[in-house]
Amino acid sequence: MAAVSGAALAGCWVVLSRCRGMVVVAPRFGAAAYCSAPAVSSKEGQQGEAIAGRRGRTQQLVRSHIPPRTERMAVDQDWTSVYPTAAVFKPASVPLPVRMGYPVKRGVPPPKEGNLELLKIPNFLHLTPPAIKKHCAALKDFCTEWPSALDSDEKCEQHFPIEIETTDYVSSGTSIRNPKARVVTLRVKLSNLNLDDHAKKKLVKLVGERYCKDTDILTITTDRCPLRRQNYDYGMHLLTVLYHESWKTEMWESEKAEEDMEEYIWENSRSEKNALDTLLRINASENVSNVTKEELLASDVVKNYRNSVIALKNEGETENNMSQYKESVKKLLNIQALP
């Protein structure tokens, strides 16, 4: 509606009422009343036109479409600058027609644009062959050459007796970090450790089933810490504690009897004394008196009897052990003629 100025009201119109910006007027010479909207100044009108113009420009910028990076890439694009580190899949940066997902109505899988399945899984776009070559070239300055003296596995085992085993997993999941990768396995041969007979037996008793007697290898597996480095430090700590604890000799260890030993020991045993007494009596009956105990213990007859008794005590009464024990006793007593 048209704006009503003060000069017009003063000349031909009479103001009847004013309420909330509305003006009700009537002509002086009897006609219908006329109602007008509040007056708007020219400055306010210009501000409204400026706001409308800015809104139009903003909408025009939003509607403009920026082409994806794949369309602006050069053929010889440096891929390491596109994916320098591990990141989620970016459809606008990967110039490959990748599709993934369930095909709807016997069609093809959905394209890469807006595909959530491609965002869920980890990718190796940052570990392309050129990127790996760059990484190796950068790390080469911090590496040293392999020692020429370590040219065989035996020498490596001699100078580095502790073997550490870890596992890295590649799986399809929400994270590239697998919780099983924290497990650390430590292996070492007890023969490579500085242990005497008492320390070795005590260490074997402490570790239990972690020691394999056939291969002489102690295996320690740690997985209770959340990080691999923590499990490695914990495994080395366990090995250090076991080593120093095995060298300790408690007071009660000196009170151990023959029945308390972990394995049968031939030296100073009852079987050794009985075998010597038997041989000495046999020699005395045959009038042989110039044979000492050391010579009897070094004889082949006593050595065979010794080995058969140790195998029978430590390994159990198997058919082979019983047969060897029988033959050694027959040779010891010189009764080969008996069946």
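Student: How many helices and strands does the secondary structure of the protein chain come to?
Tutor: The chain has 13 helices and seven strands. Keep in mind that this is a predicted model.

Student: What share of the 339 residues in the protein chain is buried?
Tutor: Buried residues make up 19% of the 339. As for contacts with a separation of 6 or more, 46% of them join residues 24 or more positions apart.

Student: How do I read a nonpolar core? Which residues make up the largest one?
Tutor: Start with the general idea. In soluble globular proteins, nonpolar side chains tend to be buried together. Now this case. The largest nonpolar core has 12 residues in all. They are Leu186, Val188, Leu190, Leu195, Ala199, Leu203, Val207, Tyr211, Leu218, Ile220, Leu239 and Leu242.

Student: Which elements give two or more residues to this core?
Tutor: Strand S5 (184-189), helix H8, strand S7 and helix H9 do. H8 gives the most, with three residues.

Student: Where is there another core, and which residues are among its members?
Tutor: Another core lies apart from the largest one. It has 10 residues, among them Leu276, Leu296, Val302 and Leu332.

Student: Back to H8. Which of its residues are buried?
Tutor: H8 spans residues 197-207. Its buried residues are Ala199, Lys201, Lys202, Leu203 and Val207.

Student: How should I think about positions along a helix?
Tutor: An α-helix has 3.6 residues a turn, so residues three or four places apart point the same way. In H8, look at Ala199, Leu203 and Val207, which are among the buried residues.

Student: What covers the buried residues of H8?
Tutor: The cover includes strand S6 (211-212), strand S7 (217-222) and H9. Ala199 is in contact with Ser246 and Trp247, leaving aside neighbours within four places in sequence.

Student: Which residue follows H8, and what is its phi?
Tutor: Gly208 follows H8. Its phi is positive, near 70°.

Student: Where is Leu242, and is it buried or exposed?
Tutor: Leu242 is in helix H9 (residues 228-246). Leu242 is buried, with a relative accessible area of 18%. The cut-off for buried is under 20%. Set aside its neighbours within four places in sequence, and Leu242 is in contact with Leu203, Leu206, Val207 and Ile220. Leu242 and Val207 are 35 residues apart in sequence, yet their C-alpha atoms are 8.2 Å apart.

Student: Where is Trp266, and what is its relative accessible area?
Tutor: Trp266 is in the loop between H9 and helix H10 (270-285). Its relative accessible area is 4%, so Trp266 is buried.

Student: Which residues is Trp266 in contact with?
Tutor: Leave aside neighbours within four places in sequence. Trp266 is then in contact with Ser271, Glu272, Ala275, Val302, Tyr305, Arg306, Val309 and Ile310. Arg306 is 40 residues from Trp266 along the chain, and 6.9 Å separates their C-alpha atoms.

Student: How do I read a helix pair? At what angle do H12 and H13 cross?
Tutor: Two packed helices are described by the angle between their axes and the distance between the axes. Here, take H12 (residues 300-315) and H13 (residues 319-332). Their axes come within 9 Å and cross at roughly 150°. H12 and H13 are therefore roughly antiparallel to each other. The crossing is left-handed.

Student: Which residues meet between H12 and H13?
Tutor: From H12, they include Val301, Val302, Tyr305 and Leu312. From H13, they include Met322, Tyr325, Val329 and Leu332. By class, this contact has 10 nonpolar, five polar and two charged residues.

Key
Residues are numbered from 1 along each chain as its sequence is written. This is a predicted model: local features need pLDDT of at least 70, side-chain atom pairs count only at pLDDT 80 or more; totals for chains, interfaces and linings use all residues. Side-chain values use heavy atoms; hydrogens and water are left out. Axes are lines fitted to C-alpha atoms, for helices over the stretch in contact, and angles run from 0 to 180 degrees between N-to-C directions. Helices (H or I, at least four residues) and strands (E, at least two) are DSSP runs, numbered from the N terminus. Angles under 35 degrees count as roughly parallel, over 145 as roughly antiparallel, 65 to 115 as roughly perpendicular and the rest as oblique. A crossing is left-handed if the near helix is turned anticlockwise from the far one by less than a right angle, and right-handed if clockwise. Contact means heavy atoms within 4.5 Å. Ala, Val, Leu, Ile, Met, Phe, Trp, Tyr, Cys and Pro count as nonpolar, Asp, Glu, Lys and Arg as charged, and the others, Gly among them, as polar. Buried means under 20% relative accessible area, exposed over 50%, partly exposed in between (1.4 Å probe, protein chains only). A nonpolar core is a set of buried Ala, Val, Leu, Ile, Met, Phe, Trp, Tyr and Cys residues joined through side-chain atoms within 4.5 Å.
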